[in-house]
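This report describes selected local features of one protein chain. The sequence and the structure are shown below for reference.

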Amino acid sequence: MLFASSITVTPSLTRNHSLFTFFTKIPLLLFGHGSHVHRHLIHYPSLKPLNRDSNSFFVNKSIRHCSTAVCAIAPTHESSTTTKAAVSNKSKRKAFRESPEGVLRHKLDMCSKHGDLAEALRLYDDARSKAIPLNQHIYNVLLYLCSSSSQSKVESKSGGNDDERSNLGLRRGLEIFQQMGIDKIAPNEATFTSVARLAAAVEDPDMAFDMVKRMMSCHIPPRLRSYGPALFGFCEKREADKAYEVDAHMASSGVSPEEPELAALLGLSADVARGDRVYEMLHRLRTTVRQVSELTAETVERWFNSDAAADVGKEKWNVNNVKEGIAKGGGGWHGQGWLGKGKWKVERTEMDKTGVCRTCGEKLVSIDIDPLETQNFATSLSSLACKKEVKADFNGFQEWLRRHGPYDAVIDGANVGLINQHDFSFFQLNSIVNEMREVSPSKRLPLIILHHRRVNGGSAENPRNKKLIQSWKKSGALYATPAGSNDDWYWLYAAVSCKCLLVTNDEMRDHLFQLLGTSFFPRWKEKHQVRLTVSRRGPTLHMPPPYSIVIQESERGSWHVPTVTGDDIETPRKWVCATRAPPSDALSSQ
């Protein structure tokens with residue numbers, strides 16, 4: 001073969017290196033000749049082929065490698081209606097767990113959980129000496145551990161034992177990947193991603209990018225994490241054109257970059273003085289991230305303070321085109337390129353309550369939301385809720401809402417009644433209900449969503465609370481969600497469908513809201529969520545800001561970039577303000 005266990009770590013994988021030759025022949029080693037993957041010819045000893053989706057990793061973006069390998073589910077047969085079949089399946093599962101393959105798998109999963117590379121390699125060597133069959137999952141766990149140890153060297157560069165461990169992971173990882181090909185075990189996305197990280201560890205992003213291309217040739221869709229080793233590697237080496245090529249490949253594969261990837265491209269573009277690309281990345285951050293991290297904010301400041309930023313831009317521009325661009329985009333940006341020339345004034349700043357910058361005096365705008373987007377979001381939310389909830393229950397709520405709505409505000413009753421409270425407080429909830437009624441244009445009571453257990457038993461049986469609940473019901477202001485339901489679906493749908501305010505301190509970041517999977521939701525939340533604080537003087541409502549907390553580009557060419565520092569409630573949010581004086585004749589139409 002092309003290399004053995006005695007291979008030494010090299011600083012890079014060149015095009016004429018033997019490892020490169022091996023990697024480029026992966027499809028031949030695994031599947032024979034031809035470009036198509038014949039998965040039915042590949043089998044695991046003692047196991048059915050694992051589903052590709054069951055062999056995945058969770059990505060830790062801060063260090064750009066996986067935090068743990070997810071165990072694939074042991075193969076099971078469809079459950080039978082007979083007790084005999086159930087016992088048979090249980091016996092098979094037990095037999096697998098106690099088999100050499102099952103024991104090895106469990107031990108390797110524990111190594112993955114604890115990051116124990118040395119023990120995992122010992123188990124691997126022992127299994128090979130005993131001719132224990134190895135399947136895709138086992139190989140992926142081993143490759144994950146090897147690539148993680150190699151990546152830690154890139155991240156820490158601390159030397160000593162870390163260097164020894166990372167060198168061991170790199171050497172054995174490449175060896176294990178070679179053996180996987182010899183054993184004709186089909187790779188999946190996790191396999192190629194781990195090998196791409198091994199290539200990145202020897203500072204060869206070209207090889208990492210080739211791994212992504214190999215995925216495509218094997219009909220395996222790459223994921224965001226698959227591109228990381230190549231993209232970050234090219235950015236670190238300032239190979240701009242290759243980094244942009246990776247970015248374009250991501251787009252063609254339907255993979256959307258997130259803040260770490262966009263920030264890396266932004267920093268690279270700033271370093272190589274590509275003003276057009278910086279402009280593009282700022283707008284992509286605007287649509288994707290909205291508020292940037294501290295590290296990204298520092299990159300933005302570095303660009304605006306550079307000589308290249310001072311040189312880029314138009315000295316004259318068509319005002320009508322700029323205004324037309326702002327109108328088409330809904331406000332807050334125009335997309336006409338850099339306006340003006342000269343040195344930028346860059347400062348950290350805050351906004352007053354009306355959205356006026358305390359540094360330059362420019363007023364930020366509230367960016368419109370298309371009513372059709374709201375309607376489409378309400379429809380998709382309803383469809384998803386009906387899949388997660390008992391359909392009849394949620395359909396019943398929708399019918400009730402059509403009869404009693406619309407409302408000017410919806411209250412997440414459980415959240416509001418528990419803020420700064422040990423026990424649920426109907427008194428606190430009622431005070432918020434009354435406050436929202438006062439600010440309501442129609443002076444109507446808001447809709448209160450509470451789980452049925454909140455309105456039956458416990459403090460709800462208190463005579464005063466009982467009377468309060470009855471008055472809410474009589475006014476059509478209370479809906480009690482049924483047993484077993486998640487009331488989050490109910491209050492969110494009610495607020496979206498009624499196009500009204502939503503009173504809750506819920507940050508709406510958990511799994512339920514991630515299922516929504518849309519850029520619309522953060523925009524909707526910003527314009528509709530009412531938050532509150534509670535002090536000795538009572539609760540205080542914090543209405544949605546009259547401006548959008550998102551990167552904004554003004555018609556005069558200035559930029560305001562919001563950061564995640566501050567929440568505009570307890571501490572003001574920090575912004576990056578970048579302005580420069582336009583030429584005296586720059587604002588005339590051409």
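The model is a predicted one.

**Backbone geometry in loops**

The peptide bond between Gly405 and Pro406 is cis, with an omega of about -5°. Pro406 belongs to the loop that runs between helix H18 (391-404) and strand S4 (409-412).

Two alanines have a backbone feature of another kind. Ala131 is not a glycine, yet its phi is positive, at about 60°. Ala131 is found in the loop between helix H5 (117-129) and helix H6 (136-156). Ala273, likewise a residue other than glycine, has a positive phi near 55°. Its loop lies between helix H12 (259-271) and helix H13 (275-288). The table sets out the phi and the relative accessible area of each alanine.

| Residue | Phi | Relative accessible area |
|---|---|---|
| Ala131 | about 60° | 64% (exposed) |
| Ala273 | near 55° | 45% (partly exposed) |

Why does Ala131 count as exposed? Its relative accessible area is 64%, and the class of exposed residues begins over 50%. Ala273, at 45%, is partly exposed.

**The pair H17 and H18**

Two packed helices are described by the angle between their axes and the distance between the axes. For helix H17 (residues 371-388) and H18, the axes come within 7 Å and cross at roughly 145°. This crossing of H17 and H18 is right-handed. On the H17 side, the contact is made by Ser382, Ala385 and Cys386. H18 contributes Lys391, Phe394, Asn395 and Gln398. Sorted by class, the contact of H17 with H18 comprises three nonpolar residues, three polar residues and one charged residue.

**A buried lysine**

Lys525 is part of helix H24 (residues 520-528). Which side chain of opposite charge is nearest to Lys525? It is Glu507, at 4.7 Å. Lys525 is buried and has no salt bridge, because a salt bridge requires a side-chain nitrogen within 4 Å of a carboxyl oxygen. When neighbours within four places in sequence are left aside, Lys525 is in contact with Glu507 and Met508.

Thr287 lies in helix H13. Is Thr287 buried or partly exposed? Its relative accessibility of 43% places Thr287 among the partly exposed residues. Thr287 and Val550 are separated by 263 residues in sequence, while their C-alpha atoms are 8.4 Å apart in space.

Notes: Residues are numbered from 1 along each chain as its sequence is written. This is a predicted model: local features need pLDDT of at least 70, side-chain atom pairs count only at pLDDT 80 or more; totals for chains, interfaces and linings use all residues. Side-chain values use heavy atoms; hydrogens and water are left out. Helices (H or I, at least four residues) and strands (E, at least two) are DSSP runs, numbered from the N terminus. Buried means under 20% relative accessible area, exposed over 50%, partly exposed in between (1.4 Å probe, protein chains only). Axes are lines fitted to C-alpha atoms, for helices over the stretch in contact, and angles run from 0 to 180 degrees between N-to-C directions. A crossing is left-handed if the near helix is turned anticlockwise from the far one by less than a right angle, and right-handed if clockwise. Contact means heavy atoms within 4.5 Å. Ala, Val, Leu, Ile, Met, Phe, Trp, Tyr, Cys and Pro count as nonpolar, Asp, Glu, Lys and Arg as charged, and the others, Gly among them, as polar. Lys and Arg count as positive and Asp and Glu as negative; His and the chain ends are not counted.
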